[in-house]
Amino acid sequence: MITRTRLATGACALLAALAAGMAFPAGAVADETSATAPKVDLVLDVSGSMRARDIDGQSRMAAAKQAFNEVLDATPEEVQLGIRTLGADYPGDDRKTGCKDTAQLYPVGPLDRTEAKAAVATLAPTGWTPIGPALLKAADDLDGGEGSKRIVLISDGEDTCAPLDPCEVAREIAAKGIGLTIDTLGLVPNTKLRQQLSCIAEATGGTFTSVEHTEELADKVNQLVDRAADPAVTPVATTGADRCAKAPELQSGLYTDREEFGQQRWYRVKVPHGWELRASVSVSADRAVNPSHGVLLRAVTERGREIVRGEAAGNGRTDVVSTGLRYPKAEQEGAEGELAPETVCLQVTHSFSAGSGVQTSPGLPLELTVDVVQGLSESSDVAAFGLGRGWWLLGALILAGFLAGLVWGWVSRWRIAVWRTN
């Protein structure tokens with residue numbers, strides 16, 4: 001009897017130990033999941049101008065509340081979502097106090113839909129429009145963790161708290177390299193608001209959208225929240241050289257680098273026969289620069305012969321200029337054995353120039369995408385008179401135009417003949 005009791009006690013202790021041992025890894029997994037969960041902070045303008053009744057017959061505030069309720073219902077379980085307000089609490093005329101009026105309405109974390117909706121229902125249009133201070137606080141709300149981070153700013157008016165320029169704030173956030181994206185939505189925006197919100201979004205690689213209907217607002221915010229839940233691709237840091245011979249060799253992927261004003265960056269990519277190189281580059285101005293600038297991306301051989309180039313120009317209305325190129329390496333017919341890949345040198349040059357009194361170091365951030373993919377199966381597809389597979393469509397259009405001209409000419413002559421007869 002004593003032996004059985006001891007055995008039973010030992011078995012219970014063993015099961016308890018196993019359960020405890022299994023519990024610790026589970027906790028570790030939970031912590032790891034929380035650290036990598038995507039985070040979204042919805043920043044809503046609750047300033048006095050949100051009383052305007054010009055969105056589907058209701059006020060802008062009512063439209064925003066309705067859209068938020070739909071967004072909260074559709075938010076994926078894995079997304080940690082928070083809500084921050086600006087201009088929601090101070091109704092007075094003191095500018096200094098009004099420009100501090102931003103608060104976390106619902107903390108970034110696992111979403112309690114009922115609690116979040118109840119918090120949104122209490123909002124009423126009140127005060128100022130401190131966009132810059134709100135963005136700084138929102139960046140702090142999303143601090144920590146390795147998952148994707150996204151701010152969605154919804155406003156109906158430009159910032160009223162200069163000289164803290166919200167566009168400069170966005171550039172500062174981007175320069176920190178924390179992988180935070182700011183998307184902006186303008187409610188019935190004017191020209192000045194469009195320019196400001198576009199600048200904020202472009203500084204961090206985000207998007208700007210003009211919204212004039214409640215359904216548009218809900219759909220767009222839902223898209224942005226869903227996008228945050230998608231797996232994020234983190235660029236790999238690299239350092240280009242001043243000439244091809246010293247350039248780093250890149251594989252297919254996304255890379256980030258910095259390029260000084262008046263400098264050029266070189267990278268190398270090996271392209272096998274029968275494969276195609278696709279490359280694109282974006283250079284963003286994270287500080288004040290002079291207007292009229294451009295970006296050049298060249299693919300050249302190791303001996304310096306240009307293969308193909310892509311170039312784009314900007315006029316100062318955008319902070320990002322992008323361009324790309326494609327180079328198909330055709331199969332060599334009749335070649336014996338496997339041929340060595342061709343080394344292609346990629347050169348990135350930009351013509352941005354710093355404004356007066358602006359620091360030139362570090363260089364402007366650039367993002368380079370390299371993709372080496374299986375090429376076209378037939379050599380005729382590579383050339384095809386420079387038209388690829390679309391040559392037959394152009395031929396059909398030419399033939400259709402020729403026949404249409406003949407028919408029109410015949411009808412015109414027939415009508416003239418009938419008119420003369422009558």
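Because the model is predicted, local features are reported only where pLDDT is at least 70 and side-chain atom pairs only at pLDDT 80 or more, whereas totals for chains, interfaces and linings use all residues. Residues are numbered from 1 along each chain as its sequence is written, and side-chain values use heavy atoms, with hydrogens and water left out.

The protein contains ten helices and 15 strands, where helices (H or I, at least four residues) and strands (E, at least two) are DSSP runs numbered from the N terminus. Of its 422 residues, 41% count as buried; here buried means under 20% relative accessible area, exposed means over 50%, and partly exposed lies in between, with a 1.4 Å probe and protein chains only. Among contacts (heavy atoms within 4.5 Å) between residues at least 6 apart in sequence, 74% join residues at least 24 apart.

Asp 45 belongs to strand 1, which spans residues 39–45, and its relative accessibility of 0% places Asp 45 in the buried class. The side chain of Asp 45 makes polar contacts with the side chain of Ser 47 at 2.7 Å and with the side chain of Ser 155 at 2.9 Å. A polar contact is a pair of N or O atoms within 3.5 Å; within protein, one atom must be able to donate a hydrogen and the other to accept it, and residues adjacent in sequence count only if both atoms are side-chain atoms. When residues up to four places away in sequence are not counted, Asp 45 touches Met 50, Leu 86, Thr 129, Ile 154, Ser 155, Asp 156 and Gly 157. The C-alpha atoms of Asp 45 and Met 61 are separated by 8.8 Å, and these two residues are 16 residues apart along the chain.

Asp 183, found in strand 5 (residues 180–187), is likewise buried, with a relative accessible area of 1%. A polar atom of the Asp 183 side chain lies 2.9 Å from the backbone nitrogen of Thr 207, and Thr 207 is also among the residues that Asp 183 touches, including Arg 150, Val 152 and Leu 224. Ser 148, in the loop between helix 5 and strand 4, counts as buried at 19% relative accessibility, and a polar atom of its side chain lies 2.7 Å from the backbone oxygen of Ala 228.

Side chains of opposite charge can pair when their charged atoms come close. A search of the whole structure finds 15 salt bridges, each defined as a side-chain nitrogen of Lys or Arg within 4 Å of a carboxyl oxygen of Asp or Glu. One of them joins the side chains of Arg 113 and Glu 77, with an N to O distance of 2.9 Å. Arg 113 lies in helix 4 (residues 113–121) and Glu 77 in the loop between helix 2 (60–74) and strand 2 (80–86), so this pair ties together parts that are 36 residues apart in sequence. Arg 113 is partly exposed at 22% relative accessibility, whereas Glu 77 is exposed at 68%.

A salt bridge also links the side chains of Asp 141 and Arg 84 (2.7 Å, N to O). Since Asp 141 lies in helix 5 (residues 131–141) and Arg 84 in strand 2, the pair ties together parts that are 57 residues apart in sequence. Asp 141 is partly exposed, at 22% relative accessibility, while Arg 84 is buried at 6%. In the salt bridge between Asp 257 and Arg 265 (3.3 Å, N to O), both residues are buried. Salt bridges that share partners join Arg 298, Glu 306, Arg 309 and Glu 311 into one network.

The largest pocket holds about 1,400 Å³ of space. On a 1 Å grid over the protein atoms alone, a pocket is an open set of points where a 1.4 Å probe fits, with protein on both sides within 12 Å along at least five of seven lines, and lining residues have an atom within 4 Å of a point. Grid points are joined across faces, edges and corners, and the volume is the space filled by probe spheres set on the points. Of the 43 residues that line the largest pocket, Gly 179, Thr 181, Thr 204, Pro 235 and Glu 367 are the closest to its centre. Strand 8 gives the most to this lining, with four residues.
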